[in-house]
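Reader: I am new to reading protein models. Could you take me through this one, step by step?

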Amino acid sequence: MKDMTKKEIVNIIHIIAYLAKIDNVVDPDEKKIFKIVCERFGIKIPELREILKELVSLKKSLNAINSKELKNILVNLMVLMVSVDGNVCDNQKQGF
């Protein structure tokens, strides 16, 4: 895997956070997966708070993921986040 830039990681974090809260409930399993993803990307809690304060549109974050490899990573993380709680809501389905 190529080294991801900080901006690419931030865009992925924004997308995964969006999916976690799209149904207005962040399930404990979603929170656990989100925490693991952040840890794998080396994102610490203070930095995560700053990332999540940024008002970035989902479209902008999605459009910033350009390489095929990063798109594959993102799709896998999206599927994991959407399915982890065992309940795929209509809003999550529309995201795909």
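Reader: Which helix gives the largest share of the lining of the largest pocket?
Author: This is a predicted model, where local features need pLDDT of at least 70, side-chain atom pairs count only at pLDDT 80 or more, and totals for chains, interfaces and linings use all residues. Residues are numbered from 1 along each chain as its sequence is written, and side-chain values use heavy atoms, with hydrogens and water left out. A pocket is an open set of points on a 1 Å grid over the protein atoms alone, where a 1.4 Å probe fits, with protein on both sides within 12 Å along at least five of seven lines; lining residues have an atom within 4 Å of a point. Six lining residues, the largest share, come from H2.

Reader: Which residues lie nearest the centre of the largest pocket?
Author: The lining of this pocket has 17 residues. H1, helix H2 (28–40) and helix H3 (45–53) each give two or more of them. Nearest the centre are Lys31, Phe34, Lys35, Leu48 and Leu52.

Reader: How many residues of that lining are charged?
Author: Ala, Val, Leu, Ile, Met, Phe, Trp, Tyr, Cys and Pro count as nonpolar, Asp, Glu, Lys and Arg as charged, and the others, Gly among them, as polar. Nine lining residues of the largest pocket are nonpolar and one is polar. The charged ones number seven.

Reader: What is the volume of the second largest pocket?
Author: A volume is the space filled by probe spheres set on the grid points, which are joined across faces, edges and corners. The largest pocket holds about 440 Å³. For the second largest pocket, the volume is about 160 Å³.

Reader: Which helix gives the most to the lining of the second largest pocket?
Author: Two helices, H1 and helix H4 (58–63), each supply at least two residues. The lining includes His14, Tyr18 and Ser61. With five residues, the most comes from H1.

Reader: Is Val10 buried or exposed?
Author: Val10 sits in helix H1 (residues 6–21). Buried means under 20% relative accessible area, exposed over 50%, and partly exposed in between (1.4 Å probe, protein chains only). Val10 has 7% relative accessibility, so it counts as buried.

Reader: Which residues does Asn11 contact, leaving aside neighbours within four places in sequence?
Author: Asn11 also lies in helix H1. At 3% relative accessibility, Asn11 is buried. Contact means heavy atoms within 4.5 Å. On that basis, the partners of Asn11 are Ser61, Ala64 and Ile65.

Reader: What distance separates the C-alpha atoms of Leu77 and Ile16?
Author: Leu77 belongs to helix H5 (residues 68–83) and is buried at 16% relative accessible area. Leu77 touches Ile12, Ile16, Val37 and Phe41, not counting residues up to four places away in sequence. Leu77 and Ile16 are 61 residues apart along the chain. Their C-alpha atoms are separated by 7.3 Å.

Reader: Where in the chain is confidence lowest?
Author: The predictor's confidence in each residue is pLDDT, from 0 to 100. The chain averages 85, and H4 is highest at 92. The lowest mean is 54, in helix H6.

Key: Helix = DSSP H or I, 4+ residues; strand = E, 2+ residues; numbered from the N terminus.
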